[in-house]
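Keep the structure open beside you as you read.

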Amino acid sequence: MTVAGGETAQGISVNKNQPHARSSLWRQSFRRLVRNKLAITGFAVVVIMFLACFIGPFFSPYTDNKINMALMNHAPSAKHWLGTDTLGRDVMTRVLLAGRISLTVGLASMVLSVFIGTLLGIIAGYYRGVVDQLIMRLADLLLTVPSLPLLFIIGALLSEWKVPPDYRMYIVMLMLSVVSWPGLARMIRGQLLSLREREFMQATIVLGLSDKRKLFRHLLPNLVPLIIVIATLNIGGAILSESVLSFFGLGVMPPTPTWGNMIDAANNMIDFQERPWLWLPPGFSIFATVIAINIFGDGLRDVLDPKQKR
Amino acid sequence: MSTYFVKRLTYMAIILLAASFLIFSLYAMTPGDFITGNIKLTPERKAELREIYGLNKPLIERYLTWMKNAVHGDFGYSLAQQKPVLTLFNQYIWNSFLLAIVSTFLTWLIAVVVGVIAAYKQYSWFDTLVMVLIFAAMSIPSFFIGLFLIKVLAVDLKWLPPGGMITTGSNAQGFAYVKEVIHHMTLPVIVMTLLGVGSLTRYFRSNMIDVIKQDYIRTARAKGLTERKVLFTHALRNALLPAITLVGFELPALFGGSLIIEKIFNWPGIGQLYMQSFGLRDYPLLMGFTMFIAVLTVIGTLLSDILYHLADPRVKL
């Protein structure tokens with residue numbers, strides 16, 4: 001999105017001076033994206049969610065670390081819109097603070113897995129041979145081992161090594177990237193292999209361009225749309241995986257709140273049955289965020305990568 | 001063809017061997033074991049048990065023993081339940097299979113019907129609604145939707161039981177037993193169907209959209225066939241064909257259970273067994289389960305490649 005948005009912003013400023021300015025592919029794509037109301041709604045929801053989580057808590061009169069026994073387990077009211085939890089903390093504020101962590105983990109693990117996946121995919125697809133074999137066999141191996149047990153084991157290891165709660169979120173990002181890069185690398189490699197056979201790549205060989213130039217000026221720009229789409233859709237998946245791990249107590253741990261570990265309240269019979277305000281709001285936050293990201297990502301896909309359906 | 005299979009099977013064996021080593025070392029690294037966790041045992045008894053189970057031997061030796069037995073179809077004894085791992089699998093797997101087969105059937109049925117109609121009426125309000133619902137289904141956190149439905153349908157409305165496979169303490173027989181199980185499996189089946197139906201509907205929708213655009217559909221219409229015939233005999237069959245490749249990918253899900261759903265609904269399946277054993281660090285069972293899924297995944301991939309070739313002979317193996 002940043003690439004598309006940035007390019008287009010420049011394009012529009014040029015457009016003011018010259019009414020019939022050249023139309024770049026990026027600008028065309030941006031126009032088509034804006035016309036897709038569903039996708040724009042999705043994007044708006046994501047933006048609102050981010051703003052609410054990152055700026056919202058500053059406007060809240062409550063702090064997360066203050067335990068107030070007098071305010072334990074109050075139902076939602078005008079003062080506490082989503083009630084208070086077992087330690088008397090305001091649930092609304094906590095949901096927003098949890099959103100910060102969940103969204104950060106989602107974004108960061110996306111960046112990491114897309115980076116690893118793209119890099120290895122490109123190396124494998126471009127250089128072929130032994131490197132390709134090594135990378136793709138490793139990917140095959142990781143795709144063969146079921147990911148949930150794999151994540152559980154790493155989660156249990158972390159608990160044993162007494163990783164401080166503050167650092168756990170960084171390791172959770174790493175864990176999620178470990179299981180999601182193989183799929184990405186495969187996709188990127190596949191795309192690269194098909195690009196290599198195109199006429200424009202044969203032209204670069206005829207022109208005698210250097211490897212570096214072929215890769216960075218001709219192959220990569222053609223991969224960018226695919227990467228943007230994969231990256232967007234990957235955020236939703238990462239947020240979901242983080243919530244599963246944290247719910248089972250193997251991801252980010254309290255006191256650091258995340259949407260997943262807040263739903264852990266549902267593991268307590270009384271909280272589950274009598275105090276749904278403790279675990280419903282984080283669940284719906286995950287749902288709203290992920291659905292918005294997926295709808296926006298799909299809109300992006302229609303625009304940037306029309307051939308890739310599914 | 002036969003050289004292809006020899007190569008393919010060799011590769012499968014190598015990948016599984018590597019996977020087994022990875023799985024074994026990961027579990028070996030996992031902190032705690034079944035014996036350390038048991039506070040009732042004296043240190044001498046613990047040492048004795050470690051000796052018996054071979055836990056004090058070096059990693060490589062333990063791996064080789066495990067592997068040698070596994071190749072002969074012996075995945076060892078569950079430490080917690082004192083039964084062979086495979087016997088336990090056999091005991092629990094069919095409960096998982098029951099949930100999986102019913103929800104898979106429903107998922108495919110709904111996905112085909114809704115996907116085809118949505119594709120036929122592309123860009124109509126129905127299609128837009130379906131697209132939004134598809135995204136909704138694809139964005140649900142599985143454990144949360146389970147908890148939410150238990151809360152609404154079981155706790156508040158009391159329409160369905162909150163979990164388990166039979167009512168606690170019930171010893172219903174025959175038809176009453178069947179009724180009870182159906183009653184208990186409704187909620188998990190709904191959730192599993194909901195979780196799977198989104199992406200599959202989308203798959204059928206986009207397949208159908210591609211097929212409708214083909215020349216042979218135009219030909220069929222041009223020669224005056226009824227719309228019904230065009231749609232069901234000419235379009236639908238070609239849209240469904242590629243889906244048989246998905247059958248292979250369903251394999252791990254059909255027999256491997258679902259860790260999250262079975263845990264949430266307290267369903268006595270193989271996924272629930274895994275989650276229980278994870279807390280107890282019952283390694284033979286944990287390793288057996290993980291290896292089992294890996295084998296299913298590899299076989300599933302091979303199966304779908306073969307089916308792909310059968311469905312579309314243009315695709316070379």
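Helix H7 of chain A covers residues 165-196, and its 32 residues should span 46 Å at 1.5 Å a residue; the end C-alpha atoms are 46 Å apart, so the two agree. The expected span of a helix is 1.5 Å times one less than its number of residues. Helices here are DSSP runs of H or I with at least four residues, strands are runs of E with at least two, and both are numbered from the N terminus. H7(A) has a kink of about 40° at A:Ser180, shortly before the proline A:Pro182. A bend at a residue is the angle between axes fitted to the seven residues ending there and the seven starting there.

A word on conventions: this is a predicted model, in which local features need pLDDT of at least 70 and side-chain atom pairs count only at pLDDT 80 or more, while totals for chains, interfaces and linings use all residues. Residues are numbered from 1 along each chain as its sequence is written, and chains are lettered from A and ligands numbered from 1 in the order in which they are written.

## The two chains

Chain A has 12 helices and zero strands. Among contacts in chain A between residues at least 6 apart in sequence, 70% join residues at least 24 apart; a contact needs C-beta atoms, placed from the backbone, within 7 Å.

Chain B has 13 helices and two strands. Its C-alpha atoms fill a box of roughly 85 × 60 × 35 Å along the principal axes. Buried residues account for 37% of its 317 residues. For contacts in chain B with a separation of 6 or more, 72% are between residues 24 or more positions apart.

In chain A, the axes of H4 (residues 91-127) and H12 (residues 280-304) come within 10 Å and cross at roughly 35°. Axes are lines fitted to C-alpha atoms, for helices over the stretch in contact, and angles run from 0 to 180 degrees between N-to-C directions. A:Val91, A:Val95, A:Ala98 and A:Gly99 of H4(A) meet A:Pro281, A:Pro282 and A:Ser285 of H12(A). By class, this contact has five nonpolar, two polar and no charged residues. Nonpolar covers Ala, Val, Leu, Ile, Met, Phe, Trp, Tyr, Cys and Pro; charged covers Asp, Glu, Lys and Arg; the others, Gly among them, are polar.

In chain B, H4 (residues 85-120) packs with H7 at about 35°, their axes 6 Å apart. That crossing is right-handed, and its contact holds 22 nonpolar, six polar and one charged residues. B:Ala119 lies in H4(B) and counts as buried because it has 23 C-beta neighbours inside 10 Å. Leaving aside residues up to four places away in sequence, B:Ala119 touches B:Arg205, B:Met208, B:Ile209 and B:Ile212.

H10(B), residues 244-256, bends by about 40° at B:Glu250, and the proline B:Pro252 follows within four residues. Its buried residues are B:Gly248, B:Glu250, B:Leu251, B:Pro252 and B:Gly256, which pack against H4, H12 (270-280) and H13 of chain B. After H10(B) comes B:Gly257, with a positive phi near 65°.

H6(B) bends by about 30° at B:Ile150. Its 15 residues reach 20 Å from first C-alpha to last, close to the 21 Å expected at 1.5 Å a residue. Just after H6(B), B:Lys158 has a positive phi of about 55°.

## Where the chains meet

Across the interface, 32 residues of chain B are in contact with 31 residues of chain A. H1(B) gives the largest share of chain B's side, eight residues. That side has 26 nonpolar, five polar and one charged residues.

The buried residues of H6(B) have cover from both chains, including H9 (211-247), H10 (259-263) and H12 of chain A together with H7 and H11 of chain B.

Note on methods: Two residues are in contact if their C-beta atoms, placed from the backbone, lie within 7 Å. A crossing is left-handed if the near helix is turned anticlockwise from the far one by less than a right angle, and right-handed if clockwise. A residue is buried if 20 or more other C-beta atoms lie within 10 Å of its own, exposed if 12 or fewer, and partly exposed in between; C-beta atoms are placed from the backbone.
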